[in-house]
Amino acid sequence: YWIVRWDLPAGRSYLSENLPYPSVHLVFEPERAYVQGVTTHRFTHRAVGTATVFSAKFLPGMFFPFTGRSVRPLTDRRIDLEALFGMGAVTLARFVRSSTDVDASISRVEHFLTDRLDRDAEGTVLKSCARARRIVEYIAAHREVTSVRAVEEAFGLKPRTLQMLFN
């Protein structure tokens with residue numbers, strides 16, 4: 001989770017420049033709530049007035065179990081939380097935006113997400129996501145890994161299996 005708060009004097013603003021990390025975020029801003037897909041470029045946000053932004057940041061590969069859909073169409077896009085999760089998202093957004101209790105917001109978001117978790121019979125989806133996460137963490141920790149072939153060898157995977165894991 002991450003939280004950003006600001007309180008700027010009238011007429012003042014602050015331009016924040018951000019370098020992305022390949023993660024999906026649930027974002028609760030004062031006027032809207034949305035899912036931000038993986039961002040592939042530097043982005044900016046202009047802070048004005050007084051506001052708080054609350055977000056749940058998903059580890060790479062770990063958003064899929066909550067929608068059962070590829071996150072690829074979310075790349076560089078924002079999707080309204082209600083459009084993705086239905087009316088329950090409206091109640092969640094209202095609570096998070098009005099709460100001053102961070103722990104209560106975290107608890108509410110986790111409960112909301114747990115209710116939407118894809119629980120297939122053998123846990124295949126969660127196992128695949130956990131595997132994808134291990135691969136991403138391995139690549140991040142081993143800078144010498146610069147090719148798909150190196151990942152295939154490190155994890156004993158065939159090219160198509162690796163491709164499908166990250167589809």
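Predicted model: local features only at pLDDT ≥ 70, side-chain atom pairs only at ≥ 80, totals over all residues.

Trainee: Where does histidine 25 lie?

Mentor: Histidine 25 is in strand β3.

Trainee: Buried or exposed, that histidine 25?

Mentor: Buried. The relative accessible area of histidine 25 is 14%, and the cut-off for buried is under 20%.

Trainee: What else does histidine 25 touch?

Mentor: Leaving out residues up to four places away in sequence, histidine 25 touches Trp2, Tyr34, Val35, Gln36, Ser55, Ala56 and Lys57.

Trainee: Which residue is found in the loop between β3 and β4?

Mentor: Glutamate 29 is found there. Glutamate 29 is buried too, with a relative accessible area of 10%.

Trainee: What does the side chain of glutamate 29 make a polar contact with?

Mentor: With the side chain of tyrosine 34, at 2.9 Å.

Trainee: OK, zoom out. What order do the strands of the sheet take?

Mentor: The order is β1-β6-β3-β4-β7. The sheet is open, has 5 strands and pairs antiparallel.

Trainee: Which strands stand at the edges?

Mentor: β1, residues 2-7, and β7, residues 78-80. Each has a single partner strand, so one side of each is left without a neighbour in the sheet. From one strand to the next, the twist averages 20°.

Trainee: How many bridges join β3 to β6?

Mentor: There are 4, between residues 25-28 of β3 and residues 50-57 of β6. The two strands run antiparallel.

Trainee: And what stands opposite phenylalanine 28?

Mentor: Phenylalanine 54, in β6.

Trainee: Now the helices. Which strands does α3 lie across?

Mentor: Helix α3, residues 88-98, lies across β3, β4 and β6. Its angle to β3 is about 65°.

Trainee: At what angle do α3 and α4 pack?

Mentor: About 170°, with axes 10 Å apart. That makes the two helices, α3 and α4, roughly antiparallel.

Trainee: Which residues meet there?

Mentor: On the α3 side, Gly88, Ala89, Leu92, Phe95 and Val96. On the α4 side, Ala104, Ser105, Arg108, Val109 and Phe112. By class, the contact of α3 with α4 has 7 nonpolar, 2 polar and 1 charged residues.

Trainee: Last bit, the whole chain. How many helices and strands does it have?

Mentor: The chain has 7 helices and 7 strands. From the N terminus, the elements run β-β-β-β-β-β-α-β-α-α-α-α-α-α.

Trainee: What does the C-alpha trace span?

Mentor: About 55 × 35 × 25 Å along its principal axes. Buried residues make up 31% of the 167 residues in the chain.

Trainee: And how much of the contact set comes from residues 24 or more positions apart?

Mentor: Such pairs account for 70% of the contacts with a separation of 6 or more.

Note on methods:
Residues numbered from 1 in each chain as written. Heavy atoms only, no water. Pairing = 2+ DSSP bridges. Axes fitted to C-alpha atoms, helices over the stretch in contact; angles between N-to-C directions. Contact = heavy atoms within 4.5 Å. Parallel < 35°, antiparallel > 145°, perpendicular 65-115°, else oblique. Nonpolar A, V, L, I, M, F, W, Y, C, P; charged D, E, K, R; others polar. Buried < 20%, exposed > 50% of the residue type's maximum accessible area, 1.4 Å probe, protein only. Polar contact = N/O pair within 3.5 Å; in protein donor to acceptor, adjacent residues only side chain to side chain.
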